[in-house]
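Please prepare a careful account of selected strands, helices and cores in this structure, with the cut-offs behind each term.

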Amino acid sequence: MSNSENPYSPFSSRMDWEIAQWAKLRGPSSTAFSDLLSIEGVNEHLGLSYKNSRELNDIIDKQLPGCPTFRCEQIIVAGEAFDIYHRDVLECIKALYGDPDFADYLVFAPERHYTDDDETVQLYSDMHTGKWWWNTQKMLDEKRLGATIVPVIISTDKTQVTMFHNKTAYPVYLTIGNIPKEIIHHKPSRRAHVLLAYLPTTCLEHITNKASRRRSAANLYHACMARVLSPLENTGLDGLAMRSGDGILRHCHPLFACFIGDYPEQVLATTVKTTECPKCDIPPDELESATAPFEIRDLHAVLDTLATIDVGDLEFVQACRDAGIKPIVHPFWKRLPYANIFQAVTPDILHQLYQGLITPNHHIRLFMKGITGLSRVSCAEHAQICCFLLGIIIDARLPGNMSSTRLLRAVHGLLDFLYLAQYPCHSSETLSLLDEALVLFHDNKQIFVDLGIRNHFNLPKLHATRHYISMIRFFGTTDNYNTEYTERLHIDLAKDAYRATNHKDEFTQMTRWLERKEKIVRHTKFIRCPRPASLSFDRTRTLAKHPSAKAVSFQTLISDYGATYFREALAQYVAQQNHLDESLSCSRLEALAANVHLPFHSVAVYHRIKWLSVDARGHRDPLITVDSVHVMPRRTSTPLINNGTGQSVGVEGYRIGQIRAIFSIQERDARFLFPPAHQPPKHLAYIEWFKPFPSTPDSRHGMYKINRLVRSGERVASIIPVSNIVRSVHLIPKFGPVAPHHWTSNNVLEECDTFFVNCYIDRHSFVTLR
């Protein structure tokens with residue numbers, strides 16, 4: 001078979017290719033794979049074109065195309081040579097820009113989006129909707145009209161690659177702002193980030209003076225970053241011809257736009273001193289202020305200060321001290337065109353908010369698998385804590401009988417800011433809400449000082465929240481540049497790569513391992529046939545094709561499922577569907593239901609409703625479960641139910657119920673009970689109702705308080721179509737000052753009468769239930 005007829009070439013067959021793919025992406029170590037193929041008869045029966053790992057690696061290295069290769073260079077700082085492994089930054093940008101997978105989605109020009117015809121309410125989402133792209137495009141058009149900007153987004157973060165011995169890696173990641181955030185984020189498999197370099201991780205132990213060691217380490221970092229990004233100096237100004245994945249050639253200017261990193265990385269990159277804001281000139285002792293004026297640091301003044309290096313060392317150090325920066329000889333951003341490092345530093349949801357301001361006490365306990373303490377709190381655990389934090393402290397007693405109002409409002413404001421800051425699309429109006437949430441926290445934060453929890457709030461991470469609104473307007477929403485995504489990249493591009501080595505001269509092996517893996521992934525994309533894109537933008541409800549139990553008796557539904565009034569509710573539903581042209585009072589409906597004869601005594605029952613994410617913008621994303629409602633014996637859920645008038649935002653038109661059973665009626669019985677024009681849907685649900693939402697949430701914490709709907713001492717229940725169920729809802733019991741000891745997760749819905757509707761359980765509920 002010729003290469004043109006064999007899509008798996010240079011592999012001889014599909015089997016030959018898929019075993020190679022498994023070996024490099026999923027398989028065991030190279031030695032174990034070679035041992036497997038050395039077993040007598042294995043290679044011959046499989047018909048492989050390689051006999052061991054070495055021969056497979058030789059095919060991959062020489063015959064498969066791939067991403068830009070790594071090269072090792074030496075950087076000399078303070079008379080010492082250090083190795084840096086990096087790729088050509090322009091080749092990496094070309095690889096992303098020209099990837100056929102991204103061709104249909106690339107953005108080439110800035111846009112302004114509005115919600116109204118008068119263009120008064122502006123929308124911010126992807127990077128091209130922000131002011132940075134607009135402003136830079138205008139400056140660029142003055143020199144070359146019609147130039148295409150390629151925003152370069154750089155992130156750095158040192159990470160530990162072993163549990164012991166403190167072995168670290170210092171990866172530098174790159175992506176471009178032309179790729180929509182839906183592709184870049186939450187989908188590492190799309191490979192919209194490229195590992196650009198491994199920086200030296202030396203501790204410079206040969207330098208005994210600590211101040212000199214810190215200064216040398218900072219100069220080493222900037223020297224390495226300058227070497228990696230130096231090709232952008234000329235091409236950013238002059239541009240170069242680049243071909244996108246659809247074959248169209250454009251004159252592009254790759255420009256350094258954003259720097260993503262945690263606070264130590266931000267301080268290192270901007271050369272400012274620790275405890276200061278890396279973006280603005282606010283004094284360190286005014287960081288806690290919500291009103292203290294500030295200005296973004298003056299880049300030109302800083303560049304003038306750096307130029308004093310030509311005058312003399314002492315003059316340079318003194319000038320840097322006066323300017324409030326560290327004496328870095330050549331910061332990597334010094335010669336990058338149109339770059340302003342103080343504007344380029346972006347908000348950091350993970351470290352500034354989740355791990356910075358909402359820092360849990362490590363004596364919190366989880367009870368999922370016995371009693372376990374939290375020693376190192378992950379991002380996911382921080383997010384889970386935020387879901388429940390406010391509900392836990394609502395009835396908390398404070399020392400000295402202090403009022404909890406300020407505490408609740410402070411936490412309420414901080415949580416609102418956290419969730420609003422993560423909106424995937426912002427408008428002028430939502431940015432006002434973001435500002436109001438921050439003001440609410442600042443107005444009440446003194447409670448933490450009064451309680452002795454803190455002495456002050458001069459925290460750079462708290463002050464950073466004052467920059468969020470301007471940064472969203474400048475670069476788009478925060479999910480364009482969240483460090484949470486690069487933390488995920490550490491697993492694939494640093495930790496797994498290190499584990500694949502023999503831990504000797506590891507960076508040479510890590511880069512070679514990554515290059516081979518990227519070549520296999522690239523060949524996989526080449527082999528796969530493209531699929532048509534979906535245009536849906538929603539999530540879909542689904543139930544199992546077959547029921548969990550085919551015939552559950554009414555008595556079992558009552559005794560095991562808790563559907564106490566199932567017969568009565570079903571009879572009322574039948575009567576209602578047979579008299580849709582009438583306006584039925586409660587007494588009239590009960591009278592009609594009393595005459596309904598049910599010709600069956602069991603129904604098919606389903607135990608779960610799932611909601612699956614739908615491919616939002618034709619990015620060929622797999623369906624994943626984003627929500628579910630479980631209903632089975634001794635386990636119930638509380639869903640949000642639409643009465644037909646509910647909208648995408650707000651609680652009007654919605655009710656909450658406790659779902660006791662999901663069932664279906666056989667077709668023959670449905671034909672007997674219901675008129676031909678009003679046959680019931682396939683899936684129905686038995687619901688016990690809570691009272692309607694109050695007109696406003698609680699002013700202290702912003703959550704709605706609801707109670708059971710009871711008439712004559714009995715819970716009110718009815719049958720509804722499953723299609724009315726919108727999503728699951730998390731209810732927080734009103735514990736009171738002391739939580740009753742007999743309450744458990746299994747009985748609290750039955751024991752407690754009053755609940756708070758948790759709008760912080762996820763972002764969808766935050767938008768809907770506020």
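Strand β10 (residues 240-243) pairs in the antiparallel sense with strand β11 (residues 249-260) over four bridges, where strands are DSSP runs of E of at least two residues, numbered from the N terminus, and two strands pair if DSSP finds at least two bridges between them. The two strands form a hairpin with five residues between them, and Gly-247 in the turn has a positive phi of about 90°. Met-242 stands opposite Arg-250 in β11.

In a regular strand the side chains alternate between the two faces of the sheet.

## Basis of the model

The model is predicted: local features need pLDDT of at least 70 and side-chain atom pairs count only at pLDDT 80 or more, while totals for chains, interfaces and linings use all residues. Residues are numbered from 1 along each chain as its sequence is written, and side-chain values use heavy atoms, with hydrogens and water left out.

An open sheet of three strands has the order β23-β29-β28 with antiparallel pairing; its edge strands, β23 (705-707) and β28 (731-733), each pair on one side only. Strand β29 (residues 754-757) and β28 pair over three bridges, and Leu-731 stands opposite Val-757 in β29.

Leu-731 and Val-757 are also among the residues with the most contacts inside the largest nonpolar core, which has 75 residues; such a core is a set of buried Ala, Val, Leu, Ile, Met, Phe, Trp, Tyr and Cys residues joined through side-chain atoms within 4.5 Å. Helix α16 (residues 405-421) gives the most to this core, with 11 residues, helices being DSSP runs of H or I of at least four residues. Apart from it lies another core, of 63 residues, among them Leu-96, Tyr-170, Leu-199 and Ala-218.

## Helix α21

The 17 residues of helix α21 (residues 483-499) should span 24 Å at 1.5 Å a residue, and the end C-alpha atoms are 23 Å apart, which agrees; the expected span is 1.5 Å times one less than the number of residues. His-490 is buried, as are other residues of α21 including Leu-489 and Leu-493.

Key: Buried < 20%, exposed > 50% of the residue type's maximum accessible area, 1.4 Å probe, protein only.
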